[in-house]
Amino acid sequence: MKQRHSAAGDAAAAALRMLGGELASRGCHSEILAGGTAPWLLVSNPEARHRGAAVIAWQGSFWWTWGDCLGATTDVSRAADRVATSLTTPPNPQEAGDLA
């Protein structure tokens, strides 16, 4: 059982590394962290330091840590687009005004 967990963790880390590379090309910073039951990717936007998020790879998909699916690990570009957009777009117009 332990060996399977390690293989799943290795696959998740590999998928997160690919996602981190895609996010770097979009101007985001990322770091893979180990903790809990699986690795996760901490992502930030250097242009908006108050905006950050964490992503995990599990069962063939990327997930926000709060449970929303970002897409399949086979479609890294789409997941990176969704993450980068969420880190550059204010969640509501009032926040945009507060940041100006």
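Predicted model: local features only at pLDDT ≥ 70, side-chain atom pairs only at ≥ 80, totals over all residues.

Biologist: OK. How many helices and strands in the protein chain?
Modeller: The chain has 3 helices and 5 strands.

Biologist: And in what order do the elements run from the N terminus?
Modeller: The order is α-β-β-β-β-β-α-α.

Biologist: How much of the chain is buried?
Modeller: Buried residues account for 32% of the 100 residues.

Biologist: What share of the contacts join residues at least 24 apart?
Modeller: That share is 37%, counted among contacts between residues at least 6 apart in sequence.

Biologist: Let's zoom in. Where does Asn-45 sit?
Modeller: Asn-45 belongs to strand β2, which covers residues 40-45.

Biologist: Buried or exposed?
Modeller: Asn-45 is buried, because its relative accessibility is 6%, and the cut-off for buried is under 20%.

Biologist: A buried Asn, then. What does the side chain of Asn-45 reach?
Modeller: It reaches the backbone oxygen of Leu-87, at 3.0 Å. A polar atom of the Asn-45 side chain also lies 2.8 Å from the backbone nitrogen of Glu-47.

Biologist: Which residues is Asn-45 in contact with, leaving aside neighbours within four places in sequence?
Modeller: Arg-51, Leu-87 and Thr-88.

Biologist: Now Val-43. Which strand is that in?
Modeller: Val-43 is in β2, the strand that holds Asn-45.

Biologist: And is Val-43 buried or exposed?
Modeller: Buried. Its relative accessible area is 1%.

Biologist: What is Val-43 in contact with, beyond its neighbours within four places in sequence?
Modeller: Its partners are Leu-23, Cys-28, His-29, Ser-30, Gly-52, Ala-53, Val-83 and Leu-87.

Biologist: Leu-87 again. How far is Val-43 from Leu-87, in sequence and in space?
Modeller: They are 44 residues apart in sequence. C-alpha to C-alpha, they are 8.6 Å apart.

Biologist: Change of topic. What volume does the largest pocket have?
Modeller: About 250 Å³. It is lined by 14 residues, and the closest to its centre are Ala-8, Ala-12, Ala-57, Trp-58 and Gln-59.

Biologist: Which elements supply at least two residues of that lining?
Modeller: α1, residues 2-24, and β3, residues 48-58. α1 gives the most, with 6 residues.

Biologist: How does the lining divide into nonpolar, polar and charged?
Modeller: There are 7 nonpolar residues, 7 polar and no charged.

Biologist: On to the cysteines. How many disulfides does the structure hold?
Modeller: It holds 0 disulfides.

Biologist: Is Cys-28 buried or exposed?
Modeller: Cys-28 is buried, at 4% relative accessibility. It is one of the contacts of Val-43.

Biologist: And what about Cys-69?
Modeller: Cys-69 counts as partly exposed, because its relative accessibility is 33%, and that class lies between 20% and 50%.

Biologist: Which residues does Ser-61 touch, not counting those up to four places away in sequence?
Modeller: Cys-69 is one of them.

Biologist: Where is Ser-61 found?
Modeller: In strand β4, residues 61-64. Ser-61 is buried, with a relative accessible area of 16%.

Conventions:
Residues numbered from 1 in each chain as written. Heavy atoms only, no water. Helix = DSSP H or I, 4+ residues; strand = E, 2+ residues; numbered from the N terminus. Buried < 20%, exposed > 50% of the residue type's maximum accessible area, 1.4 Å probe, protein only. Polar contact = N/O pair within 3.5 Å; in protein donor to acceptor, adjacent residues only side chain to side chain. Contact = heavy atoms within 4.5 Å. 1 Å grid on protein atoms, 1.4 Å probe; cavity = no way out; pocket = protein on both sides within 12 Å on 5 of 7 lines; lining within 4 Å. Points joined across faces, edges and corners; volume = space filled by probe spheres on them. Nonpolar A, V, L, I, M, F, W, Y, C, P; charged D, E, K, R; others polar. Disulfide = S-S within 2.5 Å.
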